[in-house]
Amino acid sequence: MTNLDNLCIMTGNANPELAKKIAAHIGVPLCDAYVGHFNNGETQVMISESIRGKDIFIIQPTSQPVNDNLMELLIMTDACKRASANSITAVVPYYAYARQDRKTRGREPISAKLVANLMETAGVTRVVTVDLHAGQIQGFFDIPVDHLGAVPVLGAYLTKCELENVVVVSPDLGGVTRARALADRMHAPIAIIEKRRPQPGVAEVMNLIGDVKDRTAVLIDDIVDSAGSLCEGAKALKSFGAKDVYAACSHAVLSDPAIERIDASAIKQLIVTDTIPLGDKKSDKIVVLTMADAIGDVLMTIQERRSVSHLFC
């Protein structure tokens, strides 16, 4: 039996299409498991095949409905642990509560740490995730965390677009590392939007560090939620003289009224990945790229006990 023969991929209801693509890339079938609900709303999990001694990979982003998907992940983990699985890797392409990673005022929770504790207590032995909102969340876990970036996938697409006179723009000071990684791939300079947040979910552009005049600006961020900050950033870039504005984000949360804002914005195209399923949130401006091959390569490398560092470059 090879290592891949012992690999078992399981999925909840958060993003089964991504799980199917990952399984197809690796060349293994999805584990026969039912994840549903009892009449009172409690999560029900039934695994219909033996997983004793197997290495389980549960594909489950904790996207909306966040708490339901998180509970599915925890209960699936518990079921696998009690079925004598050898290891349980939680593949969480989108990690919920990541924006609550510190106390910014008194009497606030650090919910990102609580989620990490819950996953470990349930029996998760390893975590694979994509573009955490704050990289230091890896330190909330006492188990291995493989933190995959979406920049290679986003960068490959943008390079194929053959955009001219590109400048990569970070929407804030905290995203400079991500912007630099994309800029290096596109051989482009970077610019930084300086903004302030008078209240959660509200951003005001104060200044621009760098030059975007007569350039094609590519805004890069990890999450597009209500799209307020992204659209205001695009508007500001146009006012500073940018010729066209593209945007690239790893996680398309797209809370209302995001689609309406994007359609009415100065953004020419928004490129996102499928870490979160879009469902009926459609727009002619949105292009969806898959992370399945990248995640599948990581899972195979982990299973074959090889170094994964080269996959995160």
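Predicted model: local features only at pLDDT ≥ 70, side-chain atom pairs only at ≥ 80, totals over all residues.
Asp172 sits in the loop between strand 8 (166-170) and helix 5 (176-186). Leaving aside neighbours within four places in sequence, I listed its contacts as Ile192, Ile193 and Lys195.

I checked the record for this residue. UniProt, in an unreviewed entry, places the feature "binding site" at His133 and Asp172. The two are spread over 40 residues of sequence, yet they cluster in space, with a largest C-alpha distance of 12.6 Å.

I then turned to His133, which is in the loop between strand 6 (126-130) and strand 7 (145-148). His133 has 36% relative accessibility, so I noted it as partly exposed. Not counting residues up to four places away in sequence, His133 touches Ala98, Arg99, Asp222 and Ile223. With one of these, Asp222, I found a polar contact from side chain to side chain at 2.8 Å.

**Aromatic pair**

I searched for ring pairs with centres within 6.5 Å. The count came to one aromatic pair. Tyr95 and Phe141 form this pair, which is edge-to-face, with 6.0 Å centre to centre and 70 degrees between the planes. Tyr95 lies in the loop between strand 5 (87-92) and helix 3 (111-122), and Phe141 in the loop between strand 6 and strand 7, so the pair ties together parts 46 residues apart in sequence.

**Strand 1**

How many residues of strand 1 (residues 7-11) are buried? I counted five of five, and noted the strand as mostly covered. In a regular strand the side chains alternate between the two faces of the sheet. I therefore sorted the residues by side: Leu7, Ile9 and Thr11 are on one, Cys8 and Met10 on the other, and all are buried, which means both faces are covered.

Next I looked at the pairing. Strand 1 runs parallel to strand 4 (residues 55-59), and five bridges join them. Thr11 stands opposite Ile59 in strand 4.

**Helix 2**

I tested the length of helix 2 (residues 66-82). Its 17 residues at 1.5 Å a residue should span 24 Å, and the end C-alpha atoms are 25 Å apart, so the two agree. I listed the buried residues of helix 2 as Asn69, Leu70, Glu72, Leu73, Leu74, Met76, Thr77 and Cys80. These buried residues pack against strand 1, strand 2 (33-37), strand 3 (43-47), strand 4, strand 5 and helix 3. Just after helix 2, I found Ser84 with a positive phi of about 65 degrees.

**Residues 8-123**

I went back to the record. UniProt lists residues 8-123 as "domain: Ribose-phosphate pyrophosphokinase N-terminal", in an unreviewed entry. For this span I noted 34% helix and 22% strand, with the end C-alpha atoms 16 Å apart.

**Ile26**

Is Ile26 buried or exposed? Its relative accessible area is 11%, so Ile26 is buried. Ile26 is in helix 1 (residues 16-26). Not counting residues up to four places away in sequence, I found that Ile26 touches Leu4, Ile9, Gly296, Leu299 and Met300. Among these, Ile9 is one of the buried residues of strand 1. I also took the C-alpha distance from Ile26 to Gly149: 19 Å in space, for 123 residues in sequence.

Terms used
Residues numbered from 1 in each chain as written. Heavy atoms only, no water. UniProt positions renumbered as here; feature names shortened; annotations may be inferred. Helix = DSSP H or I, 4+ residues; strand = E, 2+ residues; numbered from the N terminus. Buried < 20%, exposed > 50% of the residue type's maximum accessible area, 1.4 Å probe, protein only. Contact = heavy atoms within 4.5 Å. Polar contact = N/O pair within 3.5 Å; in protein donor to acceptor, adjacent residues only side chain to side chain. Phe/Tyr/Trp six-rings, centres within 6.5 Å; stacked < 30°, edge-to-face > 60°. Pairing = 2+ DSSP bridges. Expected span 1.5 Å × (residues − 1).
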